[in-house]
Amino acid sequence: MASRARGLAGRRIGGWLVLVCLCALLAPSALAQAVESRPEVRVIIDVSGSMRTNDPERLSASALELLVSLLPEGTTAGVWTFGETVANPLPRGEVDGDWRADARQLRPRLAGVQPYTDIEAAVRRAAAPEADGWRHLVLLTDGVIDLSPSHGAKPGVDDASRRRLLDELAPGLADEGVVVHAIAFSDQADMALVESLSRTTGGLPALVASPESLLGAFLDIVERIFPADSIPLENGQFRIEPGIESFSALLFHEPGAEPLVLVGPDGSEYRAATPPPGGRWQVEPRFDLLRVPEPSPGEWRVEGEITDESRIGVASALALRTGKLPATAFLGFPLSVEAWLARNGLPFDGELEELALRAELIADGGEVQSATTLARDGGRFRGVLRPPSLPGTASLVISAEAEGFVRQRVQAINLLAPLVARHEPESQRVVVAARHPELGHANTRPWAELAGDRLAVEPLGERRWTIALPELDDSVSRPLLLGAEVELEGETHALRLPRLVLFAESATGLDLAAADGELSSERFHQDLTTGRSADEASDGTVERLVATLNELVAAGIQRWRTSWLPHLAALAARPLAWAVAAGLLLVALLLLMLRGRRRQRHRAHREDPHV
């Protein structure tokens with residue numbers, strides 16, 4: 001199960017490629033969203049000058065070329081570019097021969113040449129055209145809002161644009177069925193903006209620093225736009241059941257790896273040049289992609305080196321369906337899950353022997369944060385996952401298993417702390433803000449503790465609080481413990497938030513645990529339930545080992561002082577004793593030398609055995 005959940009730690013492998021590939025292979029009829037037609041995908045690419053540095057491999061341009069060749073006929077797509085101004089070099093339209101020919105001419109126009117970055121205008125323009133279904137905007141940028149001085153005095157004009165984007169435009173887009181998936185190419189990007197824009201509209205945020213992590217981000221996005229059933233792939237093997245109409249294999253490998261071979265149930269071998277009957281096999285530097293219609297039932301296997309994030313998607317009349325799954329969940333709050341089976345799009349009311357449904361929340365490192373078995377409730381299965389405690393991107397894996405039947409659905413979820421804290425040294429305070437949309441002054445009571453003393457917490461505007469700090473030495477780092485008591489939906493939640501490190505850049509630290517923050521200025525790196533870093537030993541083993549070693553060293557020193565040192569002092573006062581000791585040492589050295597010479601003579605006369 002865990003291996004099917006994408007390997008999660010090593011899943012980041014390519015570029016935009018999978019966005020396109022899965023669009024071509026995954027059936028849009030498998031959508032979990034209640035939409036009447038296929039969603040549109042609108043790509044917004046930053047072409048400001050800094051992209052030359054932060055996207056040196058021109059991933060955005062290469063991705064567009066793949067988009068042109070791999071999007072299926074009939075798909076609606078479009079491309080926007082932005083810097084100081086916004087352009088629509090590839091208008092949205094149905095993908096056909098003419099659209100592809102126009103798209104292939106775009107690569108030179110994607111080079112970063114514009115001096116400024118107007119993210120608000122780009123999102124507004126790309127989202128404007130109406131659509132029959134959901135509009136999914138994929139925003140790729142490497143910076144922050146940076147408007148031309150012709151728009152007004154800086155930084156005020158930039159701040160005003162940022163507020164309009166997050167406080168006005170994003171909520172309006174969410175109401176209109178527009179989802180923004182924001183991808184940041186650089187750690188210098190405004191990650192708070194990326195996260196807030198995506199969360200408000202129901203999209204997924206990501207920070208990518210390599211082709212590998214960019215692929216992972218797009219895998220998450222594609223599986224949210226086009227949810228589809230999959231089956232387990234373990235040790236290169238997977239089982240096709242009777243009734244499966246087709247399967248799609250996305251097989252990841254290292255660049256330059258030996259060509260893959262697909263072996264069917266009857267032992268037939270297939271390669272890229274000779275795919276299964278009616279199949280299509282595409283080879284790329286980092287993955288192979290193939291689709292096999294009407295596959296033979298039985299055990300299939302892949303020969304060759306593939307990575308754990310490879311997956312097998314299937315299409316069949318009997319499929320797994322899930323209720324609406326949030327793109328963002330909050331630490332400390334349980335997560336409800338609903339799933340059911342459907343045949344040809346209608347709820348399945350038949351019986352499968354030993355049918356069981358299960359849900360797992362798997363962290364990016366592969367560890368299972370929580371798991372539960374879904375209980376039957378009429379024609380559906382429901383359950384509640386215990387509150388997650390580690391921030392970051394996680395995968396919700398829902399599986400259905402019965403005699404001769406296995407299906408899985410995987411959805412990425414961004415796990416965030418419900419409250420975020422920011423240290424403002426110049427104001428000698430800490431400001432706490434609510435991320436969870438339902439938290440506010442009426443139902444949330446934050447608390448803070450510094451060096452064993454509780455600090456006063458006062459309301460500050462809407463859904464924010466301020467914590468006044470005492471006079472502190474800014475050359476010393478120290479932890480501020482944070483927590484909150486929340487009343488929500490008739491239940492009380494006692495949240496223990498991770499520590500916020502005050503003066504984190506200082507050379508000296510008091511009781512600090514070294515770990516990275518969730519974002520650049522936010523220290524949400526610890527287990528929410530314990531307040532400890534994920535890298536800290538939870539059982540105290542290290543502390544006990546250090547204490548034992550200290551005790552042994554202390555005992556040795558004490559024995560030296562009480563037993564050996566007096567004897568040596570007595571010998572030092574007796575010259576005859578020293579002479580005897582020196583003589584014995586000399587005899588021992590002579591014996592060792594004679595023994596070594598005998599061994600050398602013995603080796604010199606040896607001969608290697610021969611025939």
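I take axes as lines fitted to C-alpha atoms, for helices over the stretch in contact, with angles running from 0 to 180 degrees between N-to-C directions. The model is predicted, so local features need pLDDT of at least 70 and side-chain atom pairs pLDDT 80 or more, while totals for chains, interfaces and linings use all residues. Residues are numbered from 1 along each chain as its sequence is written, and side-chain values use heavy atoms, without hydrogens and water.

**Entry 1: helix 5 and helix 6.** I looked up the packing of helix 5 with helix 6 and noted an angle of about 20°, with the axes 9 Å apart. Helix 5 is therefore roughly parallel to helix 6, a term for angles under 35 degrees. I counted helices as DSSP runs (H or I, at least four residues), numbered from the N terminus. On the helix 5 side, the contact (heavy atoms within 4.5 Å) is made by I119, E120, V123, R124 and A127. Helix 6 contributes S161, R164, L165, L169 and L173.

**Entry 2: helix 6 and helix 7.** I found this pair at an angle of about 20°, with axes 8 Å apart. Helix 6 and helix 7 are therefore also roughly parallel to each other. Among the residues in contact are L165 and L166 of helix 6 and L193 and L197 of helix 7.

**Entry 3: the core.** Of its 28 residues, I44, V123, L137, L139 and L165 touch the most other members. Helix 6 supplies the largest share, 6 residues.

Terms used. A nonpolar core is a set of buried Ala, Val, Leu, Ile, Met, Phe, Trp, Tyr and Cys residues joined through side-chain atoms within 4.5 Å. Buried means under 20% relative accessible area, exposed over 50%, partly exposed in between (1.4 Å probe, protein chains only). Helices (H or I, at least four residues) and strands (E, at least two) are DSSP runs, numbered from the N terminus. Angles under 35 degrees count as roughly parallel, over 145 as roughly antiparallel, 65 to 115 as roughly perpendicular and the rest as oblique.
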